[in-house]
Amino acid sequence: MVCHHIAIDGVSWRILVEDLTTALSQLVQGKNIALPRKTHSFAYWTDAVSRYRDSYLLQTEKSYWEQVQKQMEGMDLTTAVSKQMRQLTATLEGEPLRLLQ
């Protein structure tokens with residue numbers, strides 16, 4: 001589950017963590033788990049991204065991003081990214097975990 005959401009995108013990971021935090025908090029308070037409804041479908045999101053891709057706003061930024069791309073060509077991004085990476089490990093145990101099953 002963790003690898004899937006990290007590999008997909010940071011937004012999915014944030015939503016998953018928020019839902020788990022909400023559920024665990026509700027369990028600790030002795031409440032039933034009540035998570036918010038999803039906001040938009042994947043189809044809605046892809047449509048919005050397509051509209052943004054073709055938008056005037058994005059077209060005005062095109063030359064800037066082309067310059068950034070030229071500057072980055074040939075850079076060793078593996079070293080640059082690995083210096084910024086952090087590892088976080090969390091373990092769910094006991095009653096809260098049992099209640100989530």
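This is a predicted model: local features need pLDDT of at least 70, side-chain atom pairs count only at pLDDT 80 or more; totals for chains, interfaces and linings use all residues.
I started at Ser55, where a polar atom of the side chain lies 2.7 Å from the backbone oxygen of Tyr52. I'd call that a polar contact (a pair of N or O atoms within 3.5 Å; within protein, one must be able to donate a hydrogen and the other to accept it, and residues adjacent in sequence count only if both atoms are side-chain atoms).

Residues are numbered from 1 along each chain as its sequence is written, and side-chain values use heavy atoms, with hydrogens and water left out.

**Ser55, continued.** I found Ser55 in the loop between helix 3 and helix 4. Is Ser55 buried or exposed? Ser55 counts as buried, at 18% relative accessibility. My cut-offs: buried is under 20% relative accessible area, exposed is over 50%, and partly exposed is in between (1.4 Å probe, protein chains only).

**Overall layout.** I looked up the elements next and got six helices and zero strands. These are DSSP runs, numbered from the N terminus (helices are H or I, at least four residues; strands are E, at least two). Of the protein's 101 residues, 8% count as buried.

**Confidence.** I checked pLDDT, the predictor's confidence in each residue, from 0 to 100. The protein averages 79, and 75% of the residues score at least 70. Where is confidence lowest? That's helix 1 (residues 2-8), with a mean of 57, whereas helix 4 (residues 56-72) is highest at 89.

**Salt bridges.** How many salt bridges does the structure hold? I count three, each being a side-chain nitrogen of Lys or Arg within 4 Å of a carboxyl oxygen of Asp or Glu.

- Arg14 and Glu18 meet at 3.0 Å, N to O. Both lie in helix 2, four residues apart, about one turn of the helix. Arg14 is partly exposed at 44%, and Glu18 is partly exposed at 42%.
- Asp47 pairs with Arg51, with the closest N and O atoms 2.3 Å apart. This pair lies in helix 3, again four residues apart, about one turn. Asp47 is partly exposed at 40%, as is Arg51 at 47%.
- Arg53 and Asp54 join their side chains at 3.1 Å, N to O. Asp54 counts as exposed, at 54%.

**Helix 3 surface.** I then looked at Trp45, which sits in helix 3 and is partly exposed at 48%. Together with Phe42 and Val49, Trp45 makes a nonpolar surface patch of about 360 Å². Patch rule: residues have over 30% relative accessible area and no salt bridge, with like charges joined within 9 Å and nonpolar side chains (Val, Leu, Ile, Met, Phe, Trp, Tyr) within 5 Å.

**Aromatic pair.** My search of the whole structure turned up one aromatic pair. The ring centres of Tyr64 and Trp65 are 4.8 Å apart and the planes stand at 75°, so I logged the pair as edge-to-face. Rings of Phe, Tyr and Trp (its six-membered ring) pair if their centres lie within 6.5 Å; planes under 30 degrees apart are stacked, over 60 edge-to-face, and the rest tilted. Tyr64 is partly exposed at 47%, and Trp65 is also partly exposed at 47%.

**Last stop, Pro36.** I found Pro36 in the loop between helix 2 (10-28) and helix 3 (42-53). Pro36 is exposed, with a relative accessible area of 59%.

Technical notes
Accessible areas come from the Shrake-Rupley method with a 1.4 Å probe; for residues, only the protein chains shown count as cover.
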